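Please take a moment to look at the model shown below, and then follow the paragraphs one at a time.

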2 protein chains.
Amino acid sequence: MKPIKAGLLGLGTVGAGTYHVLQRNQEEIRRRAGRGIEVAMVAVRNLERAKRIVGSEVEVVADPFAVVNNPDIDIVVELIGGYDLTRELVLQAIANGKHVVTANKALLALHGNEIFEAAQAKGVMVAFEAAVAGGIPIIKALREGLSANRIESVAGIINGTTNFILSEMRDKGLDFNTVLKQAQELGYAEADPTFDIEGVDAAHKLTIMSAIAFGIPVQFGSAHIEGISQLQAVDLRYAEQLGYRIKLLGITRRTTVDGKEGIELRVHPTLVPGARLIANVEGAMNAVLVQADAVGATLYYGKGAGAEPTASAVIADLIDVTRLATADPYSRVPHLAFQPTELADVPILPMEEIRTSYYLRVTVQDQLGVMADLTRILADAGISIDAVLQKEPGEKARTDIVIITHQTREKYVNAAIAKIESLATTVGKVVRIRLESLG
Amino acid sequence: MKPIKAGLLGLGTVGAGTYHVLQRNQEEIRRRAGRGIEVAMVAVRNLERAKRIVGSEVEVVADPFAVVNNPDIDIVVELIGGYDLTRELVLQAIANGKHVVTANKALLALHGNEIFEAAQAKGVMVAFEAAVAGGIPIIKALREGLSANRIESVAGIINGTTNFILSEMRDKGLDFNTVLKQAQELGYAEADPTFDIEGVDAAHKLTIMSAIAFGIPVQFGSAHIEGISQLQAVDLRYAEQLGYRIKLLGITRRTTVDGKEGIELRVHPTLVPGARLIANVEGAMNAVLVQADAVGATLYYGKGAGAEPTASAVIADLIDVTRLATADPYSRVPHLAFQPTELADVPILPMEEIRTSYYLRVTVQDQLGVMADLTRILADAGISIDAVLQKEPGEKARTDIVIITHQTREKYVNAAIAKIESLATTVGKVVRIRLESLG
């Protein structure tokens, strides 16, 4: 059978990785797929650099539309990033009847509904395993491996940069800015790290997983997003003393509020019990924990970024598309796991309605009755306390009181925090970090 | 589209679980698969019990061949276990042009080559996600998720009973027989636990993963199998003191010995560094660690047994088969990941040729020069030492010396052990447990 012809848009880290892995493992891949996969054309800005990578056998062009419009190309592999030009390119490829493989989480989190609809109408596939958690086959697991289940929640460490920073902060007791600078020097963080450290990248990925897990459209605009740039080393230390680790988690969960179904979709620093496997995922690694009704908890761990781990997912998609291309479109795995006519209309909950537990750190003037005031405010708000850590007073007779609450609603905690901050004995703002037992 | 009709052979734990999950999640499954999956017929020994489970809408018969030969059945789901009758049933189903889903690892480890060949010839699929690691979609990950990779090794905790026993022995400092009895009372171990505790069940599963990872025929007969029944609590303790945990691992790895390619296929108790995620997989949970060239290390964790976790995998297979049934057979995912004409002829290595590290416990008469004798024997065998733990002499001036070696070949260690055991100062046998850094 003649090889499938792929056209690459972009030959940066992931593009070059994809090309190299396809070359190196071509024999292995052909033995599996039953036919070869050949990079027939590459579109890049820097033609000379690209030619050094792919040699003279692959056509290198500057215009990505030349790939998308080339009738000899079976599958377009979009590895450019960003979501304006790429949206156009992907829609054009689909209009031309080509299958698409992409690693672009931002594109799908923002324009996924439009893109999947166009693909469905045209009978082509858009595959995107590489868009979430790099080389971990989590899209496949959620969409196919767990297809018997009613999925209840997905919680993931899905941004390697922030997990690296948090691991270093904890390990070495350093503050955020110091570790960020080191991470940039080591290449674990970009020159402009905003998307990573502010949780936007994680929210893109979470949005995609949420849609697949629950059969809902992608709704990035409704995600609650908090990053790690405000985290202080002292809170990592207190968390540790209380038996927890702080991780930047993307969490999406089915829930019921006041009798109505809703879906949580949130990225924020989270305390996790230290004994959980996911709490022990260190450095730039990713892990996704899925809770589902039949199978229970399953966890998927691996490298979430990098040239070859991401290439691994891109190529797996190429092979899948090659295989399913001959199936009738109705029988293929649907883009968002559920048939497009079967997506559900369950709302994403506002953050105020979320139920979870909380870590609260209150800096107080160490006076008689301070603890009584705090606990009274919480009790009045219907918030019960799981653990308290009170430190000895330090300079200026100030001390930290750390409270771990049982589950409650975010709006009750917000109200309680406002009251605590209005106490004369409270110094500055209350630090509030959410806590998930993931049990 | 009309529902797919499945016929169940067996309605024990997994069979009943499959029926219940299909009923409970029928809406979710139909939304995903695009068509319903209906249990149309069940073959069981105890008709009355079966009727209580499936009600009056499902035909219940005593003869499993009545299901296999029923022209209305699209997919036969074999959940009987054992490998004589089931081999006949599966081959008959294939001959009748039916797809098969099975959770039967023993059947596939022993007769997989014959069964897959028959299925290939007939153009039908035999799906078996449930045969390995229960609800964890590890077959799908190895076969599809990592299809871009040259897989280097697979190491798994793939038997929940033994992992439960080892966790309890370590936690509570109890000996094997005490914990086994408790495990039997709790339902974690069978009345006849031989297949589990002697590593046979793990070897069945490992054999299947090895074939898929490396594109070789199933070769259960060549697996090296050691269970945990000889493990002593003292070795779990020493391992812990040295920073390791002891797990029953199934390990399969590509390697090169004297310039020739070979494959390791072995199940045995193994020391693993305590910091590894897989070392922290406790109780009856399963986990599989895969090392592959592009993606690096990935790990898959979840419940490896039980009614609904196994049902989760059985039903995922039913959905997959439903989907791929319309693809041309050549494009479907091959049974053993590689096209049947592309299987490799790489030999399974004899255990003597394996390279790994070792934990050696020698009980000695505490005399001057004992350590010098031991280390001299190891040095002469070309075995270098990574760590030593020497305990204070106890009763009768005996003491334990524990040695962790660097990587070496098993035959050198065997020879060294024979020499150590022939020393006048050595009491009894040397305890030898293999060690994998899994780094």
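A cavity, on a 1 Å grid over the protein atoms alone, is a set of points where a 1.4 Å probe fits but cannot get out, and its lining residues are those that have an atom within 4 Å of a point. Grid points are joined across faces, edges and corners, and a volume is the space filled by probe spheres set on the points. Rolling a probe the size of a water molecule over the atoms shows where empty space is left.

This is a predicted model, in which local features need pLDDT of at least 70 and side-chain atom pairs count only at pLDDT 80 or more, while totals for chains, interfaces and linings use all residues. Residues are numbered from 1 along each chain as its sequence is written, chains are lettered from A and ligands numbered from 1 in the order in which they are written, and side-chain values use heavy atoms, with hydrogens and water left out.

The structure holds ten cavities of 30 Å³ or more, and the largest cavity contains about 240 Å³ of space. Its lining is made up of 21 residues, and those nearest the centre are Met125(A), Arg332(A), Val333(A), Pro334(A) and His335(A). To describe where such residues sit, we use helices (H or I, at least four residues) and strands (E, at least two), which are DSSP runs numbered from the N terminus. At least two lining residues of the largest cavity come from each of helix 6 (105-122), strand 6 (126-127), helix 7 (138-145) and helix 13 (307-324) of chain A, and helix 13 of chain A gives the largest share, four residues. The lining can also be sorted by class, where Ala, Val, Leu, Ile, Met, Phe, Trp, Tyr, Cys and Pro count as nonpolar, Asp, Glu, Lys and Arg as charged, and the others, Gly among them, as polar. For the largest cavity this gives eleven nonpolar, four polar and six charged residues.

The second largest cavity holds about 180 Å³ of space. Of the 16 residues that line the second largest cavity, Ala127(B), Arg143(B), Glu144(B), Asp317(B) and Asp320(B) lie nearest its centre. Two or more residues of this lining are given by each of strand 6 (126-127), helix 7 (138-145) and helix 13 (307-324) of chain B, with the largest share, five residues, coming from helix 13 of chain B. By class, the lining of the second largest cavity has eight nonpolar, two polar and six charged residues.

Chain A is divided into domain 1 (4-127), domain 2 (139-303) and domain 3 (355-435). The C-alpha centres of domain 1 and domain 2 of chain A lie 29 Å apart, and the contact between them (heavy atoms within 4.5 Å) takes seven residues from domain 1 and eight residues from domain 2. Both of these domains of chain A give at least three residues to the lining of the largest cavity.

Which residues of chain A carry annotations in the UniProt record? UniProt positions are given in the numbering used here, feature names are shortened, and annotations may be inferred rather than shown by experiment. In the unreviewed entry, the annotation "binding site" covers Leu9(A), Gly10(A), Leu11(A), Gly12(A), Thr13(A), Val14(A), Gly15(A) and Ala16(A), and a "binding site" annotation also covers Lys105(A). Gly10(A) lies in the loop between strand 1 (4-9) and helix 1 (13-24) of chain A, whereas Val14(A) lies in helix 1.

How open are such residues to their surroundings? Buried means under 20% relative accessible area, exposed over 50%, and partly exposed in between (1.4 Å probe, protein chains only).

Pro309(A), in helix 13 of chain A, is buried because its relative accessible area is 7%, and its contacts beyond four places in sequence include Ala294(B) and Val295(B). Ser331(B) lies in the loop between helix 13 and strand 13 (355-365) of chain B, and, not counting residues up to four places away in sequence, Ser331(B) touches Arg323(A) and Thr326(A).

Notes: 1 Å grid on protein atoms, 1.4 Å probe; cavity = no way out; pocket = protein on both sides within 12 Å on 5 of 7 lines; lining within 4 Å. Domains from an automatic or database assignment.
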